[in-house]
Amino acid sequence: MTSTIDAVGTDARGRGISPRPQRPERTARSRKTRRSLARAVPLIPAIGLLVVFLVGPILASFYGSFTNSALTGSAAASTEWIGFKNYIDLFNSPDFPVAVVLTLVFVIGSAVIGQNVMGMILALLMRSGGRVVGAIVSTFVVGAWVLPEIVAAFASYAFFSSKGTLNAMLSTFGIVGPSWLFVFPMLSVILANTWRGTAFSMLVYSAALSEVPPEITEAAEVDGANGVKRFFLVTLPMIRRSISTNLMLITLQTLSVFTLIYVMTGGGPGNKSMTLPVLAYQEAFKFSELGYGTAIATILLLVGAIFAFVYVRALKSEVD
C-alpha cells in the first residue's frame with residue numbers, strides 16, 4: 001500500500017516528514033526579483049508619462065512619415081498611406097545630403113570641438129583663477145546659457161550682422177569686416193552655438209576636476225611631470241567618464257538646435273546653413289508637406305540614436 005501525505009506534513013501512518021529543501025541560488029534569485037519589482041513600483045508614474053509624452057509622439061511621427069499628410073489641399077482632409085514614397089523622394093532630393101553633412105559639421109564643430117574644448121579650458125581657468133576670472137566667466141558664459149534660446153539667437157544675429165558688434169569692433173582697428181551671416185553662415189552659427197552652450201560643459205568639467213584627488217597630481221609632479229603631462233596623463237584619464245557623458249548630452253542637444261540657426265540665417269543663403277531641423281521645418285510648415293517633413297525628423301531621430309549608441313557603448317566599456 002502506498003502512503004499519502006496530508007496537509008500538515010505527515011504520512012498516513014502518522015510519521016513526520018521533512019520538507020524538501022529549496023536551492024539557495026533559486027531563493028536568492030527570487031529575492032532579487034522581488035526587490036527589483038519593489039524598486040520599480042515608484043517608477044510606474046514616470047514610465048507612464050514617458051509613454052504618453054515621448055513614446056507616443058515618436059510612434060505617431062513615425063507613422064506620419066509614411067503618409068501624405070499636409071497642411072493644405074486634399075491630403076489635409078484625407079490622409080493616405082503612401083509607404084516609402086517620402087523616404088524615396090527624400091533620398092533623391094539634392095538638399096538632403098547637403099543637410100546631413102551640414103548637420104554633422106554643426107554638431108562636430110559646435111559641440112564635440114567647440115563646447116567640449118572651451119568648457120574644459122574654462123573649467124581649468126575657473127579652478128586656477130581668482131574672483132576676477134570667476135566674475136568674467138559668470139557674466140559672459142553662464143549668462144549666455146541661462147538666456148532663452150530666442151534671446152540668444154537675436155543677440156548672436158546682432159553680433160554677426162554686417163553692421164553688428166563684431167564688425168564695429170574690427171573697424172576700430174581699421175579692418176572692414178565681411179557680412180558674416182552671408183559669407184560664413186555655418187561658421188557664424190557654430191560660434192554662436194558654442195557661446196550659447198559652453199557653460200554646461202564648463203560646469204560638468206568643474207565638478208569632475210574637483211573630484212580628482214590632489215595627492216595623485218602631486219605625486220606626478222614629484223615624479224617630474226609638468227602641467228601639460230599631468231593634465232593629459234593623469235587628469236584626463238580620471239575624468240574620462242564625465243567627458244563621455246558630457247559629449248553624449250551636448251551632442252544630442254546640438255542635433256536638435258533649430259531656433260538659433262533659423263533666426264540667424266534661416267538656413268541660407270541658399271542652403272549653406274540648412275541643417276536637418278531647419279529642412280524639416282521648411283518642408284513641413286513652409287511648403288505644407290507634413291509627411292515629408294516628418295520623414296526628415298525621423299531620419300534626425302535615427303542620427304541621434306546612432307550618436308547615443310556610440311556614447312553608451314563607450315561608457316559601458318569604461319564601466320566594465
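Analyst: Arg 240 is partly exposed, at 41% relative accessibility (buried is under 20% relative accessible area, exposed is over 50%, and partly exposed lies in between, with a 1.4 Å probe and protein chains only). The model is predicted, so local features need pLDDT of at least 70 and side-chain atom pairs count only at pLDDT 80 or more, while totals for chains, interfaces and linings use all residues. Residues are numbered from 1 along each chain as its sequence is written, and side-chain values use heavy atoms, with hydrogens and water left out.

Arg 240 belongs to helix α13, residues 240–255 (helices are DSSP runs of H or I with at least four residues, strands are runs of E with at least two, and both are numbered from the N terminus). A polar atom of the Arg 240 side chain lies 2.5 Å from the backbone oxygen of Pro 237. Between Arg 240 and Ala 208 there are 9.3 Å in space, C-alpha to C-alpha, against 32 residues in sequence.

Another charged pair is found elsewhere. The whole structure holds one salt bridge (a side-chain nitrogen of Lys or Arg within 4 Å of a carboxyl oxygen of Asp or Glu). Its partners are Asp 89 and Lys 85, at 2.8 Å, N to O. Asp 89 and Lys 85 are four residues apart in helix α4 (residues 85–92), so about one helical turn separates them. Asp 89 is partly exposed at 31%, and Lys 85 is partly exposed at 45%.

Next, the aromatic side chains. The search of the whole structure gives 15 aromatic pairs (rings of Phe, Tyr and Trp, the last by its six-membered ring, pair if their centres lie within 6.5 Å; planes under 30 degrees apart are stacked, over 60 edge-to-face and the rest tilted). Phe 91 and Phe 96 are edge-to-face, because their ring centres are 5.1 Å apart and their planes meet at 75°. Phe 91 is exposed at 53%, whereas Phe 96 is buried at 7%. Trp 180 and Phe 184 make a tilted pair, with 5.7 Å from centre to centre and 40° between the planes. In that pair Trp 180 is buried at 17%, and Phe 184 is partly exposed at 37%.

Finally, a loop residue. Ser 288 sits in the loop between α15 (276–286) and α16, and Ser 288 is buried at 15% relative accessibility. With neighbours within four places in sequence set aside, Ser 288 touches Ser 69, Ala 70, Leu 71, Thr 72 and Glu 283 (contact means heavy atoms within 4.5 Å). Helix α16, residues 290–319, is also where Leu 301 is placed. Leu 301 is partly exposed, at 45% relative accessibility.

Note on methods. Polar contact = N/O pair within 3.5 Å; in protein donor to acceptor, adjacent residues only side chain to side chain.
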